[in-house]
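Here are some exercises to work through with the model in view. Take each task in turn, then follow the solution below the task.

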Amino acid sequence: MTSQLLPSRTVTRSTDETIALGRALAETLRAGDVVLLVGPMGAGKTYFAKGVVAGMGASDEDDVASPAYDIVHQFPGRETVHHYDLFRLQTLSGDDVEWLMESLMEPGVHVLEWGDRLDGVLRKPHTRVTITAGEGDERIIAIEAAA
Ligand SMILES: Nc1ncnc2c1ncn2[C@@H]1O[C@H](COP(=O)(O)OP(=O)(O)O)[C@@H](O)[C@H]1O
Ligand SMILES: [Mg+2]
């Protein structure tokens with residue numbers, strides 16, 4: 001993955017700007033890539049994921065919501081986007097880890113909200129997107145390569 005997005009730090013001031021940044025990242029993604037979205041509730045992880053999904057030509061971005069009942073949703077596109085929300089997996093059981101690692105082997109790109117739940121578990125280079133809130137609608141979005 002080569003991109004001027006890595007590493008980068010961008011301040012967005014609207015959901016549209018956050019979606020646009022997700023779209024820009026999507027252009028750099030290749031089959032097998034894993035993107036961890038990290039930040040508190042309401043940070044903008046789902047909006048960023050909408051951008052990735054839309055940028056992969058995978059679906060209308062309006063279809064993307066935090067998968068509330070399932071852990072993962074798939075969106076067929078240039079590459080299938082697997083969109084996860086690990087919120088409910090507060091602590092990962094051995095079975096959870098086994099299932100997740102298997103799922104991450106599926107063809108396509110993998111975008112995980114609450115991706116820091118995989119810290120210390122994921123043994124694969126990935127992209128880490130950390131979102132923190134600034135003033136009002138500002139979101140500071142750091143994108144970096146992680147091992
Ligand atoms: N710059 C911004 N980028 C993304 N979301 C923003 C921004 N400014 C305000 N918001 C609001 O923050 C919330 C982000 O929601 P969401 O993406 O679902 O968060 P998360 O998935 O991290 O819990 C939405 O209510 C959205 O309208
Ligand atoms: Mg969300």
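This is a predicted model: local features need pLDDT of at least 70, side-chain atom pairs count only at pLDDT 80 or more; totals for chains, interfaces and linings use all residues.

**Exercise 1.** Describe how α1 and α2 cross.

Solution. The axes of α1 and α2 (lines fitted to C-alpha atoms, over the stretch in contact) come within 7 Å of each other and cross at roughly 45°.

Residues are numbered from 1 along each chain, chains are lettered from A and ligands numbered from 1 as written, and side-chain values use heavy atoms, without hydrogens and water.

**Exercise 2.** Find polar contacts (N or O pairs within 3.5 Å) of ligand 1 with G44, D137 and R139.

Solution. Start with the backbone: an N or O atom of G44 lies 3.0 Å from an oxygen atom of ligand 1, and a polar backbone atom of D137 is 2.8 Å from a ligand nitrogen. Next, a polar side-chain atom of R139 lies 3.0 Å from an oxygen atom of ligand 1.

**Exercise 3.** Which element gives the largest share of the shell around ligand 1?

Solution. The largest share, three residues, comes from α2.

Technical notes:
A polar contact is a pair of N or O atoms within 3.5 Å; within protein, one must be able to donate a hydrogen and the other to accept it, and residues adjacent in sequence count only if both atoms are side-chain atoms. Helices (H or I, at least four residues) and strands (E, at least two) are DSSP runs, numbered from the N terminus. Axes are lines fitted to C-alpha atoms, for helices over the stretch in contact, and angles run from 0 to 180 degrees between N-to-C directions.
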